[in-house]
Amino acid sequence: MAPRAYWKGTLKLSLVSCPVVLYPATTAAEKTRFHMINRETGNRLKQQMVDAETGDVVESDQKGRGYELRKGKYVEIEPEELEAVQIESNHTIDIESFVPSEEIDQRYLNHPYYIAPDGKAAVDAFAVIRDAMKDQDRVALAKIVLTNREHIIAIKPLGKGLLGTTLRFPYELRDEDQFFDDIKSPKITKDMVELAGHILHTKAAHFDPGEFKDEYENALKALVKRKASGKKIELPEPEERPSNVVSLMDALKQSLKGRGGKTSAKSHARRATGRQRSARKTHRAAARHRKAG
């Protein structure tokens with residue numbers, strides 16, 4: 001049985017439109033969760049909203065939503081007043097443009113959603129939009145309203161459906177300069193870069209999320225199971241940090257032990273340099289050929 005749709009509306013590309021549904025592409029259902037309990041009774045605790053000034057418990061019918069104008073001064077906003085902020089994209093994903101995927105800064109990516117046609121009658125129009133996007137090899141940008149907030153959503157084909165990823169707005173990103181400006185630019189020798197490059201080469205792989213293991217989650221499950229069976233939990237000894245200071249060059253050399261050593265690093269660098277020279281020669285030969293023609 002398919003999960004309940006998170007959002008229903010219409011996907012539009014110019015005059016072509018079709019009903020679609022959105023499903024969250026991620027889930028935290030398998031995460032280990034803890035509840036607050038009363039140590040004396042073992043019963044679960046429940047939270048209550050309390051007036052910050054009087055300390056009185058506030059009942060649900062007295063709860064409201066307010067925006068802080070200044071310290072301690074709020075303007076109350078009613079639910080129907082929020083509904084008055086009608087945005088055209090409330091129930092429509094209207095594709096506005098198509099951009100190369102490599103132009104989307106990874107920092108803007110937020111939450112992923114699966115987009116599927118809503119009913120058999122929508123399949124044809126959905127397939128037309130999806131397949132046209134496959135041919136163009138571009139990402140669609142559109143607006144969508146989720147939980148009373150407008151978002152930009154990037155849409156691209158994924159198998160038989162579409163993958164939509166909400167994007168952060170520029171004001172939500174911090175400027176990297178405030179974190180990077182103080183980073184110094186030390187003089188690094190060519191040998192160090194070559195050694196580090198060889199380490200990278202020995203660790204080259206392909207992206208495979210199936211290799212990711214949540215070791216902490218697994219350890220939590222094991223701890224809960226052990227505690228529930230009445231077994232004692234042994235606390236690990238705190239690890240001692242190494243006190244000896246190793247030079248950067250020594251650390252690089254030690255990292256290469258068992259991987260061919262510095263000689264292999266140099267030969268790897270020579271091979272890379274040789275490939276670059278060969279590529280430059282090929283490029284020059286092609287240029288001469290075009291000029292001669």
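Student: How do H4 and H6 lie relative to each other?
Tutor: H4 and H6 are roughly parallel to each other. Note that this is a predicted model.

Student: What is the angle behind that, and which residues do the two helices cover?
Tutor: The axes of helix H4 (residues 190-202) and helix H6 (residues 248-255) cross at roughly 30°. That is under the 35 degrees limit, so H4 and H6 count as roughly parallel. The two axes come within 10 Å.

Student: Is the crossing left-handed or right-handed?
Tutor: The crossing of H4 and H6 is left-handed.

Student: Which residues make the contact?
Tutor: H4 contributes Asp-191, Met-192, Leu-195, Ala-196 and Ile-199. From H6 come Leu-248, Met-249, Leu-252, Lys-253 and Ser-255. By type, the contact of H4 with H6 has seven nonpolar residues, one polar and two charged.

Student: What about His-198, buried or exposed?
Tutor: His-198, which sits in helix H4, has a relative accessible area of 4%. The cut-off for buried is under 20%, so His-198 is buried.

Student: Changing topic. How many residues are in the largest nonpolar core?
Tutor: The largest nonpolar core has 21 residues, and Leu-11, Val-20, Leu-22, Ile-93 and Ile-155 have the most contacts inside it. Elements that each supply at least two residues of this core include strand E2 (16-24), strand E5 (92-99) and helix H2 (123-136).

Student: And what does Val-20 touch?
Tutor: Leaving aside residues up to four places away in sequence, Val-20 touches several residues, among them Trp-7, Leu-11, Ile-93, Ile-115, Pro-117 and Phe-126.

Terms used
Residues numbered from 1 in each chain as written. Predicted model: local features only at pLDDT ≥ 70, side-chain atom pairs only at ≥ 80, totals over all residues. Heavy atoms only, no water. Core = buried A, V, L, I, M, F, W, Y, C linked by side-chain atoms within 4.5 Å. Buried < 20%, exposed > 50% of the residue type's maximum accessible area, 1.4 Å probe, protein only. Helix = DSSP H or I, 4+ residues; strand = E, 2+ residues; numbered from the N terminus. Contact = heavy atoms within 4.5 Å. Axes fitted to C-alpha atoms, helices over the stretch in contact; angles between N-to-C directions. Parallel < 35°, antiparallel > 145°, perpendicular 65-115°, else oblique. Left-handed = near helix turned anticlockwise from the far one by under 90°. Nonpolar A, V, L, I, M, F, W, Y, C, P; charged D, E, K, R; others polar.
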